[in-house]
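Here is a short tour of a two-chain model, written to be read with the structure open beside you. Please have a look at it before reading on.

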Amino acid sequence: MIKTIICDDEPATRNIISHFLEGENLPLEIAGYAQDGREAVRLIRELDPRLVFLDINMPGLNGFQVIEEIAGTSEAKIIIMTAFASFQNAQQALRLGVCDILPKPIDFEQLRTAITRAVGWNFTSNETVNLMLEYIHAHYREGMGLEDLARVTYSTENHLSRLFKKYMDTTILSYVHELRIEEACSLLKSRKCDIQEAAYQVGYGSLNNFYKYFKRYTGQTPAQFLDQSAL
Amino acid sequence: MRVQKMDWGYIEWMEPENAMEGNEASLHVGKVYIDPGKTMLPHVHYEEQFVYVLEGRGTGYINGKPQKFEPGAIFYMPAGCTHEFVNQGESPVIHLMASSPVSIDPDNLIDKAGADSVETQHRLYAAIEAVRPQFLKVNMSFVIRGASGQVMIKSSSFPTFCEKTCGILKTNACPCLKQATGGGETSENTFVCPYGWTIFQVPILWEEQLLGYIQGGYIRQSHGRFAGDRGESPAQPQVVEGAASINREAYASVASENGFDTPDSSAFGLLQLLRKVARALRNFCEYDQSRRELLEKEKSLSHSLDTQRLLEDHLRTTEHTVTNLKINNHFLFNTLNSMAAMALESGGMSLYQSIIDLSKMLRYSVRIQNSQVPLRMEMDYLKAYLKLQRLRYPEDLTFTIQMEEEAGDGAVPFNFLQPIVENAFTHGFSGQKEKRLEIRALKKEPQEGEARGRLWVSIRNSGPPVTREQSHAIRMQMQSGNSHGLSMVYEKLRAAYGDAFWTEILPGDKEGMCFTIRMPFVPADEEPDECGTGIGDR
């Protein structure tokens, strides 16, 4: 579950988000609620959440000022909310590195999209699957297996495999490989490392395996991919 | 010293002869001898006169009031006064006379205030009208004729003889009025009419153009400078055509009974006056010209000032509107947020969704009205609008929106479709229970000779088939320019595409109406800014 706090001087936003969290099984956990800028800063420092919903217009410090205050001390993803989004607001938000902007009243679809972007992976409506996904996304670069997942979810491997397949339409292992190869591609493309480094980075101990799965999911060898991306 | 013989006596002029020939004659001094029993007939002084009686006795009438003329008597006669004198004694009356021609400021002759109400095209008419009020004060006989000799205006009084003999006031039959005005020459002309009256003609010139003549005087001189029989004088008057047949001598005596034998000074004063009037008329023309030009300039200036003021007003109103919108928006959307939360709390999911739809619509319409947006956004807006309409007609309203992917990228005027759809609700469905709407948009490739492709948008509604009168009425309404609903659509299309768009209102396949718009396809910017310009500027 992703630790989240909501900062808004009006309770409406908190109510709407809570409502959808429960109803749609979003993988968020509301850890705290701030009603003004100062309290927001305090909570963020205290609880160190991964996700923050931040209203621009709050008493005390406004949303932007809060972001400036916590800069450097927090890795949280910020989603700001506003009754009236002007271009200036959007530009300023962009420059401060905010993850997304939500207009009020909070629309569920928009909320979902914002959370997905903040979280980084597509979550489902099933808590267990979300737990698995969270773990996978956090640890796929290391060597990990089904037994790790079973441990984390207090479930059996069989059950997990079936559940995952049902919601994600692919096996756990495939999903993991896909993730790795995707990252490898982006690493290669950006020339951050050579083929061997890339393989290691994304979690493949053996180059052979790397080549095998790379070919399977992209249809090319790493070398060919490199060549092509150079053009 | 020059002697001028008169009917009633003679005058000894007391200055060198050539003093009278200059145009700037001022003071004339003479000694006047009036024979016993003779009468100076009533006449008007066009000059100021100062009289000092030396010898003799008589009664003079100045402006109708009798005055006793006896040695030592002093009289001042202002310009324009009437004068009459009878020498009832047996010896001549001798008096000193000093006279100065009337100095009328030609500028004063122009009634400038009245000139503003003058609307006539013909310059001379305008000038005459402007100058006329002053003429009445001066009390002289004159006729103003146009450049080709036609009579334009006559004074209200003429010598009694002229009135009786030629009926000059009532008709234009008098020979003096037929006298050619020098055949278009631009110089002065003095002539004697068949009955012995001396008449001056002074041209009215303006900017090298002959506008007409002012003809006046109507004086009689038996032996004056301007009399008909002086051969050597430079101002030799012509004798009128047909005059040969008239017995001048006979008429001379008739005239002498009827017209005051005018001293040269008076005659000259009259001529000067006529010249001044001519100059006044010319001055008026010049003045009028400048006045007209000034008026034109003022008009165009005030017009542009008006336009500017109007634009400023509009701008201010718009600014206010925008500012008001900004202030209220915050309140509005926060309130909607609270309402959305309340809806969820009480389990009203569809209410929640409606509030979201309404907010979308509102957010969209907050854009400055003349921006341009991608068609895609316009369709989203329509969808939100229709979903809200469905609240009112939950079972009856169905709609489909089909838009080609490519068509969505086209730039269109902001909010140009919703009024058409709205029209379907107010008129198209005509109270029918079942309401169906079909909205389609597609992009067509450019044809021969076209640079860009086309966007086709059609809005089809169910209901009674639209009649020709109805579709005509709709079209009229669109082009009415009354800034309401459908006419706004038309104005926006015009502002964006000029003449390069096309609308069609036809009955649908089996029912209702189909409204089609065809316009050039122009790719829209990714992020339309808040103050867009017309489409096609890119």
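The model is predicted, so local features need pLDDT of at least 70 and side-chain atom pairs count only at pLDDT 80 or more, while totals for chains, interfaces and linings use all residues. Residues are numbered from 1 along each chain as its sequence is written, and chains are lettered from A and ligands numbered from 1 in the order in which they are written.

Chain B has 538 residues, of which 35% count as buried, meaning that 20 or more other C-beta atoms lie within 10 Å of a residue's own. Its elements are twelve helices and 23 strands, taken as DSSP runs (H or I, at least four residues, for helices; E, at least two, for strands).

Now to where the chains meet: 18 residues of chain B are in contact with 14 residues of chain A. On the chain B side, helix 7 (264-345) and helix 8 (349-365) each give two or more residues, and helix 7 of chain B gives the most, with twelve.

Within chain A, the axes (lines fitted to C-alpha atoms over the stretch in contact) of helix 2 (residues 37-47) and helix 3 (residues 63-70) come within 9 Å and cross at roughly 35 degrees. These residues make the contact:

| Helix of chain A | Contact residues |
|---|---|
| Helix 2 | Gly37(A), Ala40(A), Val41(A), Ile44(A), Arg45(A) |
| Helix 3 | Gln65(A), Val66(A), Glu69(A), Ile70(A) |

How values were computed. Axes are lines fitted to C-alpha atoms, for helices over the stretch in contact, and angles run from 0 to 180 degrees between N-to-C directions. Two residues are in contact if their C-beta atoms, placed from the backbone, lie within 7 Å. A residue is buried if 20 or more other C-beta atoms lie within 10 Å of its own, exposed if 12 or fewer, and partly exposed in between; C-beta atoms are placed from the backbone.
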